[in-house]
Amino acid sequence: MTLAADTIVAIATAAGRAGVGMIRISGPQARRVAETIAGPVPQPRMASLRRFRRSDATVLDEGLLLYFPGPHSFTGEDVVELQAHGSPIALAEIVEALCLAGARMAQPGEFSERAFLNGRMDLAQAEAVADLIDASSRAAARAATRSVQGEFSQCIEGAVESLIQLRVLLEAALDFADEEVPAASPAAVRARLEVIATELRAVQHAAAQGRRLREGMRVAIAGRPNVGKSTLLNRLAGTEAAIVSPQAGTTRDVLREHIVIDGLPLTIVDTAGLRESEDAIEREGVRRAQTEIAQAELVLLVIDDRSNGDDATPEQLLPWIDKNRNLQTLIVRNKCDLSGVVAGPDVDQQGGAVLRVSAATGAGFDALVAALKHAAGLDDSGAQIYSARARHLEALQDAQLHLQAALKRSSEHFDAVLIAEELRLAQQALEAITGKFSSEDLLGRIFATFCLGK
Ligand SMILES: Nc1nc2c(ncn2[C@@H]2O[C@H](COP(=O)(O)OP(=O)(O)OP(=O)(O)O)[C@@H](O)[C@H]2O)c(=O)[nH]1
Ligand SMILES: [Mg+2]
């Protein structure tokens with residue numbers, strides 16, 4: 001732990017007028033700087049009313065002063081908090097006075113960065129604080145809170161601990177190569193690797209769900225003209241956002257609606273009906289539709305339930321999509337009120353899953369919503385979800401790949417040295433999540449995206 005030499009200050013509350021505005025000071029000079037403008041700090045963690053004065057003794061405001069001596073503070077350093085009135089002008093003047101007294105303006109995320117550097121929380125927890133502040137739904141906020149409290153980090157640390165134990169065992173077996181170490185037999189090692197890999201998969205699943213809650217999913221609605229794509233969008237969004245008409249080729253522009261389903265943010269994109277057209281504007285619409293579909297994570301391929309759907313298979317309608325890309329498609333057979341077939345999940349003649357709905361009546365939409373959540377990896381199992389970022393998922397995947405490589409080595413040509421090396425790499429990947437193993441560059445990138453004063 002290396003304590004920072006300088007003392008930072010920032011307004012911690014949101015910009016604008018409010019009842020109360022909070023200023024936070026952290027660093028070795030926090031107490032002295034605060035005392036310059038507010039008089040002696042009160043007992044640790046006790047609030048006291050003070051006048052905040054400029055150096056010429058002008059009173060800028062009055063409010064509460066709180067002192068949290070390090071290391072038992074948010075940043076681990078001496079911290080002083082001033083609660084003044086939420087006047088942007090008065091707050092700015094107080095900060096100015098504090099800077100004249102020796103503090104400097106904090107960078108975005110600098111308080112959290114210091115908290116991390118001083119071991120007050122790990123990197124995943126610090127990121128979760130930012131995610132909680134940014135959460136756009138209750139579910140996302142709950143997931144972030146779980147991560148702030150360290151549940152996600154504990155899972156990671158548990159896996160790291162298991163990896164370390166296995167590495168120790170393998171290394172002991174290498175050191176005593178002449179003696180039999182039963183716990184390090186290929187079968188025993190394999191069994192332990194299987195357990196760790198399974199545990200890690202559960203963490204990956206929970207983290208993937210958390211990432212969805214944070215980042216949402218892009219869904220494109222595609223299909224032939226007039227099948228009811230825009231009507232479907234309108235019903236999902238609950239507004240008449242898109243123009244609907246009996247004329248084929250109504251939609252030309254791309255239309256985007258943001259909706260939230262049980263805490264899952266979705267961006268739903270309505271596109272022009274896919275067909276060859278003589279009309280230059282419609283052709284441009286189809287070109288834009290193709291671009292949108294290519295960027296989506298899920299495509300709702302809409303078919304008129306009265307047709308057999310032969311001319312609207314994913315292969316026919318989306319031939320330009322890279323087969324290696326992980327694009328999910330869901331076949332939605334619309335207008336079941338006209339075909340007279342019951343709404344809900346079904347299988348088509350080829351045995352593929354389809355979902356029958358009526359965008360006009362809303363029949364089958366409960367199943368559609370459930371299918372959207374399922375496609376996003378969110379299920380109703382009630383399992384704990386942690387807020388997680390793309391970087392965490394990549395690290396988890398990386399660790400899983402090294403575990404799988406270790407498993408492979410444990411079943412073919414057992415080699416303790418190579419297995420131990422894979423385990424070391426898996427451990428390193430996991431430790432990047434909590435920040436035990438991280439570069440300054442990564443830290444800079446992460447904390448720069450935080451709010452000022454956090
Ligand atoms: N009966 C019935 N009519 C529907 C249903 N869905 C859409 N329609 C009608 O079908 C026609 C076409 O609907 P749109 O939503 O404009 O179809 P689209 O796929 O967006 O068409 P384009 O934008 O031209 O590609 C309209 O007259 C809708 O009212 C449905 O489930 N049942
Ligand atoms: Mg349309």
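Where is H413 found? I looked this up first, in what is a predicted model. H413 sits in the loop between α13 (390–411) and α14 (416–434).

**Entry: backbone angles**

I checked phi at H413. H413 is not a glycine, yet its phi is positive, at about 25°. I then went to R45, which is also not a glycine, and found a positive phi near 60°. R45 belongs to the loop between α1 (30–38) and β3 (48–53).

Next I looked at a peptide bond. The bond from G70 to P71 is cis, and its omega is near 0°. I placed P71 in the loop that runs between β4 (59–68) and β5 (79–86).

**Entry: helix pairs**

How do α4 and α5 pack? I took α4 as residues 123–134 and α5 as residues 138–148; their axes are 8 Å apart and the angle is about 155°. An angle over 145 degrees counts as roughly antiparallel, so α4 is roughly antiparallel to α5. I noted the hand as well: the crossing of α4 past α5 is left-handed.

I repeated this for α6 (residues 151–175) and α7 (residues 186–215). Here the angle is about 165°, and the axes of α6 and α7 are 11 Å apart. By the cut-off of 145 degrees, α6 and α7 are therefore roughly antiparallel to each other. Where α6 passes α7, the crossing is left-handed.

**Entry: the surroundings of ligand 1**

How many residues surround ligand 1? I found 23, and the closest are K229, T231, G249, T250 and T251. By type, I sorted the residues of this shell into 12 polar, 8 nonpolar and 3 charged.

G249 brings a polar backbone atom to 2.7 Å from an oxygen atom of the ligand. K335 uses its side chain instead: a polar atom there lies 3.0 Å from an oxygen atom of ligand 1. In S358, an N or O atom of the side chain is 3.2 Å from an oxygen atom of ligand 1.

How much of ligand 1 does the protein cover? On its own, ligand 1 has 650 Å² of accessible area, and the protein covers 87% of that.

Last, I asked which elements give two or more residues to the shell around ligand 1. I wrote down α8 (229–237) and α11 (336–339). The largest share comes from α8, with 3 residues.

**Entry: what I keep from this**

For the backbone, I keep the cis bond from G70 to P71 and the positive phi values of R45 and H413. For ligand 1, I keep the contacts with G249, K335 and S358.

Definitions and conventions
Residues numbered from 1 in each chain as written. Chains lettered and ligands numbered in written order. Predicted model: local features only at pLDDT ≥ 70, side-chain atom pairs only at ≥ 80, totals over all residues. Heavy atoms only, no water. Near = heavy atom within 4 Å. Polar contact = N/O pair within 3.5 Å; in protein donor to acceptor, adjacent residues only side chain to side chain. Areas by Shrake-Rupley, 256 points an atom, 1.4 Å probe, with all protein chains shown as cover. Helix = DSSP H or I, 4+ residues; strand = E, 2+ residues; numbered from the N terminus. Nonpolar A, V, L, I, M, F, W, Y, C, P; charged D, E, K, R; others polar. Axes fitted to C-alpha atoms, helices over the stretch in contact; angles between N-to-C directions. Parallel < 35°, antiparallel > 145°, perpendicular 65-115°, else oblique. Left-handed = near helix turned anticlockwise from the far one by under 90°.
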